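Colleague: Please take a close look at one part of this model for me. I would like one connected account of the side chains and their surroundings.

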Amino acid sequence: MITITSFPTESKDSDTYERTRHHPDVLDDVLMDEFDEEDSLDTRLTSPGVPLTSSHAFMRGHGTYVDGDEVIASVAGTIERVNKLVTVRALRSRQVAARRWKVDANARQDAVLMLSSVNLPGGIQRRKLESDELQMRNFFEEGDLLVAEVQAFFADGAMSLHTRSLKYGKLRNGQLITVPPVLIRRLKSHFISLPCGVDLILGLNGYVWVSKHVTEREREGEEGFDAEAVYSSRNNDIDPATRTAIARVSNILRVLATYFVPITDTILADAYEWALEQDPECGVKDLLREENAEAMILAVTARAAE
Amino acid sequence: MTSRVEILNDGGYRSDGRRQHELRDFNIDLSVRGQADGCAMVSHGLTQVLVSVLGPREAKNRSQTIHNRAIINVELSIAPFSSSERRKRSRNDRRILEFAAAVKSTFEPVIQVHLYPRSHIDIFIQVLQQDGGLLSASINATTLALITAGISLFDYVSAVSAGVHSTHPLLDLTALEENDVPYLTTAVMPRTGKVTLVTLETRLHADRFEEIFRLACDAGKVIHKEMRQAVMARTGQLVRALDIGLHDQGALQRDTEDDQEMRID
């Protein structure tokens, strides 16, 4: 049954603000009496702007801030103290995307990468601690690029990702090219290493990562595998030859994308070979010029037709 | 002053029977309504305002997000039946936009926006009845709604309007008085005494300004006391309800104890 009320009915259960009024001069005394009568609950409660303690003796936690030498509450709730850390726990609050990262996946909605679906340093079977939640920015930060596998779809169409394999994780030593997603065909493996010492990750979302080759040994994580490097944001040293190779592959990808040629490992290898043949008079940046680009497309499609 | 109504009669009473420095009846209702994260209905006498706060949440419009702080969005709607003359205002009425901007700039220095990066806090103000002191009622209700939503604030903001009739200062004006008397509205942060808003739309003698400004700031502190009392009552009630739930489930409590031990490691 549907009832319509023009205004929200006032709730009966003392929710509305009802209290005996006192003259301001005696108000403080009356309040003190009430506090004494009741249990310690009321002394645990606080509201914004109420000084809690000295900032020299205590550390401020969530729900508090420091002004001068006082720790002051910033939300209404209960005061909690763990050793020297003072926090105020709000009764109603929203955590902005707790325990997860939002990932731009070239989709309608941002994909979600849960903390629980990430490989943490120090072994796959490690227990997740609360401290890991606080250190989430040490693993992935805003602006980081990462490769992940789609784990599941939520009911609303948002993707849930996971990186629980050493294949997946943070990207470095390379550059990102965006192509129309239809150009990427589903392959047996989307991790390709080209003979020219360049690794490719073809994302089905149209994001292609071109990077320096990582040896099989390093990737599999046996000897010489650096666990810290998985979440490092620093590039390794890249020699000039590799840099040109990466740049050349990237430009080839851009040309293929503008001519709407599907991107597969064979076509890329052919195009790379062609580009190397033209090298002296057609450098890396000249690949993007229209006449060179057209010549490349012709050569590549001719070879693909054979 | 040539006015049809007597603002202050010979006995020192105002048109609604108050003394000069008396505030109107101040009522607060903090119960939750609908989807909002925080809600407050406040009435100053016959002025009644309902404020709902939504957020912090991810902004719908990606271009509007700021990467290191939250955006505050204030929308005001005035019910057509709220004043004595029935009148429908459009959403883009200049006065409404100005009012919303005033509320927004009042709260920008008070909300700890840096804690909510890339998110969006919506404040919806609905005016149900108006009888003067609309801005101060809206600001008080917004403060309370933000607190119930659990949004971090530096302090309360409490606002009161004050006017002057010849040389007599008056507090918390009704619509009748606002029409005849120069007045200002101030919003103060009571702990530090900082003032986040002063508006003056009528002509006021410069010599009178300081006196009624200080009076309004003091009255703000009185309002703050009432607001805090209401918030504490509400919080205490919720905590008590929460505690009962916790005692029923011993397992849950044990879990939290585990967490604390691990944190020390």
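Modeller: R214(B) counts as exposed, at 51% relative accessibility. The cut-off for exposed is over 50%. This is a predicted model, so read every value here as computed from it. The partner of R214(B) is E210(B). Their side chains meet in a salt bridge, 3.0 Å from N to O. E210(B) counts as partly exposed, at 46% relative accessibility.

Now the helix. Both residues lie in α4 of chain B, which covers residues 206–248. They sit four residues apart, about one turn of the helix. An α-helix has 3.6 residues a turn, so residues three or four places apart point the same way. Chain B also holds a network. There, salt bridges with shared partners join R14(B), D16(B), R18(B) and E177(B). Over all chains, the count of salt bridges comes to eleven.

Turn to chain A. R289(A) forms a salt bridge with D286(A) and another with E291(A). For D286(A), the closest N and O atoms are 4.0 Å apart. For E291(A), they are 3.6 Å apart. R289(A) is partly exposed, with a relative accessible area of 46%. E291(A) is partly exposed too, at 48%. D286(A) is buried: its relative accessible area is 19%, and the cut-off for buried is under 20%.

Next comes α8 of chain A, residues 290–305. The helix has 16 residues. From first C-alpha to last, α8(A) reaches 22 Å, close to the 22 Å expected at 1.5 Å a residue. Which residues of α8(A) are buried? They are N292(A), A293(A), M296(A), I297(A) and V300(A). Seen down the axis of α8(A), these buried residues fall within an arc of 135°, so they line one face of the helix.

To sum up, take the two places in turn. In α4 of chain B, R214(B) and E210(B) lie about one turn apart and meet in a salt bridge. In chain A, R289(A) bridges to D286(A) and to E291(A).

Conventions. Residues are numbered from 1 along each chain as its sequence is written. Chains are lettered from A and ligands numbered from 1 in the order in which they are written. This is a predicted model: local features need pLDDT of at least 70, side-chain atom pairs count only at pLDDT 80 or more; totals for chains, interfaces and linings use all residues. Side-chain values use heavy atoms; hydrogens and water are left out. Buried means under 20% relative accessible area, exposed over 50%, partly exposed in between (1.4 Å probe, protein chains only). Helices (H or I, at least four residues) and strands (E, at least two) are DSSP runs, numbered from the N terminus. The expected span of a helix is 1.5 Å times one less than its number of residues. The arc is that of the directions from the helix axis to the C-beta atoms.
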